[in-house]
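Dear colleague,

Please find the structure below, handed over for your records. My notes on it come after it.

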Amino acid sequence: MAIHVTTAVGGYVRVLPHMLRHYRALGVESLFVHVNLLDENDPILDKVRAVCEVTSVSVGGLLWRGNPDVHRAVMARHPDDWFIVADQDELQEYPRPLHEILESCDRRGYDFIEGTLVDRLAPGGVFGEVDPRGDIWEQFPLTALVTTSLLGGEPRKVVAAKGSVVLHGGQHGAESGRGCPLEECHVPVHHFKWTAGIVERLRARVDLLRERGLPFAEESERFLRYVAEHGEAIDIRDPRFFAGAVDMATLREVSDAQRLVVLAG
């Protein structure tokens, strides 16, 4: 049984070294890393190549809704293999050894596994710098529900899937295959997005979306309004964020409720 990682990056790659080390330690055998450039002179390509081998490159700005075409192109070439599908700032935490879980899924006829985003914050909720050599868990020790509670984003994601499975944009669901029940395996997806420079990055994203007449800016705009009112930090005293108190039961309850809101919208 082969296990791969497929990811697509662009613009910000400070978490990428941590992400690659994390999945290699889980037993992943190969990495497919796609880089999307804003233009031909985008320096991000050299930054990624300094960290790992680049599998493919595209030019033309951000890849919207989680790069489904990038992942499909890679996965379709290996339909019987397993793929961890993760953004560069997502570190999935499996409850048992990864090979053991995927072998069990094969025996039971499950084609994909779901998880839920758990945002990670620096002490005090500030947007801390990422040290590529230090322990990222110590740098961002607080668990919280920022994506769900503040942005109103869809928190559930497909974290691993057979290559034959067709994923929705953002990996928020699957168009084919049989999913492993959450009761058997529910994976926290630790989300290291709230780092130094996040305000500038999301402001640039909103400007670019507006310039190109594209949707999807609502989540970023909610965040920008929040920092305009509260300063450049997440208020970890706000009970909406469950800062430091995210357990799997709370995670599933909140994410299920938010998923209904997102689907209804």
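The notes below begin with the protein overall and then turn to individual residues.

This is a predicted model, in which local features need pLDDT of at least 70, side-chain atom pairs count only at pLDDT 80 or more, and totals for chains, interfaces and linings use all residues. Residues are numbered from 1 along each chain as its sequence is written, and side-chain values use heavy atoms, with hydrogens and water left out.

Overall architecture

The protein has 9 helices and 9 strands; these are DSSP runs numbered from the N terminus, with helices being H or I of at least four residues and strands being E of at least two. Its radius of gyration is 18 Å, close to the 18 Å that the globule rule gives for 265 residues, so the protein is as compact as a globular protein of that length. The radius is taken over C-alpha atoms, and the globule rule is 2.2 Å times the number of residues to the power 0.38. Along the principal axes, the C-alpha atoms fill a box of roughly 50 × 45 × 40 Å.

Of the 265 residues, 51% count as buried, where buried means under 20% relative accessible area, exposed means over 50%, and partly exposed lies in between (1.4 Å probe, protein chains only). Among contacts with a separation of 6 or more, 74% join residues 24 or more positions apart; a contact means heavy atoms within 4.5 Å. The accessible surface comes to about 12000 Å², and 50% of it belongs to carbon and sulfur atoms. These areas come from the Shrake-Rupley method with a 1.4 Å probe, and for residues only the protein chains shown count as cover.

As to charge, the mean positions of the 29 positive and 40 negative charges are 1 Å apart. Lys and Arg count as positive and Asp and Glu as negative, while His and the chain ends are not counted. Each charge is placed at NZ of Lys, CZ of Arg, CG of Asp or CD of Glu.

Buried residues with polar side chains in contact

His-190 lies in strand β9 (residues 187-191) and counts as buried because its relative accessibility is 5%. Its side chain makes a polar contact with the side chain of Glu-93 at 2.8 Å. A polar contact is a pair of N or O atoms within 3.5 Å; within protein, one must be able to donate a hydrogen and the other to accept it, and residues adjacent in sequence count only if both atoms are side-chain atoms. Beyond four places in sequence, the residues in contact with His-190 include Asp-89, Val-118, Arg-120 and Trp-137.

Gln-139 belongs to helix α5 (residues 136-139) and is buried at 17% relative accessibility. The side chain of Gln-139 reaches the backbone nitrogen of Asp-131 at 2.7 Å. With residues up to four places away left aside, Gln-139 also touches others, including His-18, Ala-122 and Pro-123.

Phe-140 sits in the loop between α5 and β7 (142-144), and at 0% relative accessibility it counts as buried. Its C-alpha atom is separated by 9.0 Å from that of Thr-195, 55 residues away along the chain. Thr-195 is also one of the residues that Phe-140 touches outside four places in sequence; Arg-120, Phe-192 and Trp-194 are among the others.

Backbone angles

Most residues other than glycine have a negative phi. Gln-171, not a glycine, has a positive phi of about 60°; it is placed in the loop between β8 (156-162) and β9 and is buried at 1% relative accessibility. Phe-242, also not a glycine, has a positive phi of about 50°. Phe-242 is found in the loop between α8 (218-230) and α9 (248-264) and is partly exposed at 30% relative accessibility.

Two prolines

Pro-79 is in the loop between α3 (68-75) and β4 (82-85) and is partly exposed at 35% relative accessibility. Its C-alpha atom and that of Lys-162, 83 residues apart along the chain, are separated by 6.3 Å. Neighbours within four places aside, Pro-79 is in contact with Lys-162, Gly-163 and Ser-164.

Pro-68 is in helix α3 and is partly exposed, with a relative accessible area of 27%. Pro-68 and Thr-55 are 13 residues apart in sequence and 16 Å apart in space, C-alpha to C-alpha. Outside four places in sequence, Pro-68 is in contact with Leu-167, His-168 and Gly-169.

With kind regards
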